[in-house]
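Dear colleague,

I am passing on the structure below, followed by some notes on what was found in it. Please read the notes with the structure open beside you.

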Amino acid sequence: MTRVLRVDPRQPDPAALAEGGAVLRAGGLVAFPTETVYGLGADATNGEAVGRVFTAKDRPADNPLIVHVASPGDVPGLGRRGRLLVEAFWPGPLSLVLPRWPGIAAEVGCGLPTVAVRMPDHPVALGLIARAGVPVAAPSANRSGRVSPTAAGHVLADLRGRVDLVLDGGPTRLGLESTVLDLTSDPPRVLRPGGVTLEELQQLVPGVVAGAPLGEPLPSPGTRYRHYAPRARVILVAAGGGELAAAMRELAGEHRRGGARVGALVRGSWEPGQLGVDIVHSLGESLAEVAAGLYAGLRALDAGGADVILAEAAFPGEGLGRAIGDRLRRAAGTHSGNQSPPGIQ
Ligand code: TXA
Ligand code: MG
């Protein structure tokens, strides 16, 4: 049985947080909002509880979890660079890969000597972790391989009956998962682009690089899998500006003639007729709006019965555009596993 408790995202009811904390301490699973996406939490010091996360998500046993803390003081071994980064970006969407410290269950890191850790910027997440009194291991609260949840309804669609409690704090603000930065490698390496950009990291820690050296797989196990994918087939449409509509109409025509129901995921507002598709999901114009609405848009087009999703994909290869492009390529199954090319090809 999955219980759902509504909470005010700014001032969550202490009783709801206490209930969540008690479920975690008892070894149960609690889904909760963060500023990025919803997480599926378990007591990170309890190997059995952590094992339940893998079962609930059908997660491959070699894809480690991110540990969430309520204060930087809960993380030993940050080191000089870690302390600089934490001061600048925590609480916030930056996960740091550090040497695993005693007390964190080995199951969290799937046998790796390292652990990824972050302090989320969300009153519900922080209150829950504080009430639990332990670090909380939490991957995104979706079935493995599916699009990350940015609302409690997405969590329930994937995990109802598989988690004990869902704290519903409304839609998440950023909409894409945290940046993962490996501080155990030299030079430090961004394993997954996210809300804290490469450019921001490089200002504080010169020499930070993105992705794996050419030809080598990324050392972040999760990046090997086809991820963030809706049921529909996603096709990226790199045409920008005035050419977008014509490019979409041509592609949509081909697929509709083959009998497919075609959806479009686009910036700004368009009518289906203008793009030659069956349904349109409109994102805002700014990159922040696109990031916040991307996953909900993929899920909405799935729910609308789209067999094919044509996704507008002309985003800059820097800043937040890098993270958006990364997730779109993963949704389309065209990610190479290596450093993302600038912009979308
Ligand atoms: O924003 C987020 O990071 C969300 C919220 C809930 O905090 N969490 C999230 O977790 O996206 P998940 O499990 O979906 O993604 C974790 C990523 C995976 O790509 C995983 O392989 C990588 O972090 N990771 C975790 N531990 C690692 C480690 N020790 N070394 C390298 N990569 C690691
Ligand atoms: Mg995930």
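**Strand pairing and packing**

β5 and strand β9 (residues 179-182) are paired in the parallel sense over four bridges, where pairing requires that DSSP finds at least two bridges between two strands. Within this pair, serine 95 lies opposite valine 180 of β9. β5 is also joined by four bridges to strand β6 (residues 114-118), running antiparallel, with leucine 98 facing valine 115 in β6. Strand β5 (residues 94-99) is mostly covered, since five of its six residues are buried (under 20% relative accessible area, with a 1.4 Å probe and protein chains only).

This is a predicted model, in which local features need pLDDT of at least 70 and side-chain atom pairs count only at pLDDT 80 or more, while totals for chains, interfaces and linings use all residues. Residues are numbered from 1 along each chain as its sequence is written, and side-chain values use heavy atoms, leaving out hydrogens and water.

Strands are DSSP runs of E with at least two residues, and helices are runs of H or I with at least four, both numbered from the N terminus. β12 is joined to strand β15 (residues 308-312) by five bridges, in parallel, and valine 234 is opposite isoleucine 309 in β15.

With best regards

Methods. Chains are lettered from A and ligands numbered from 1 in the order in which they are written. Buried means under 20% relative accessible area, exposed over 50%, partly exposed in between (1.4 Å probe, protein chains only).
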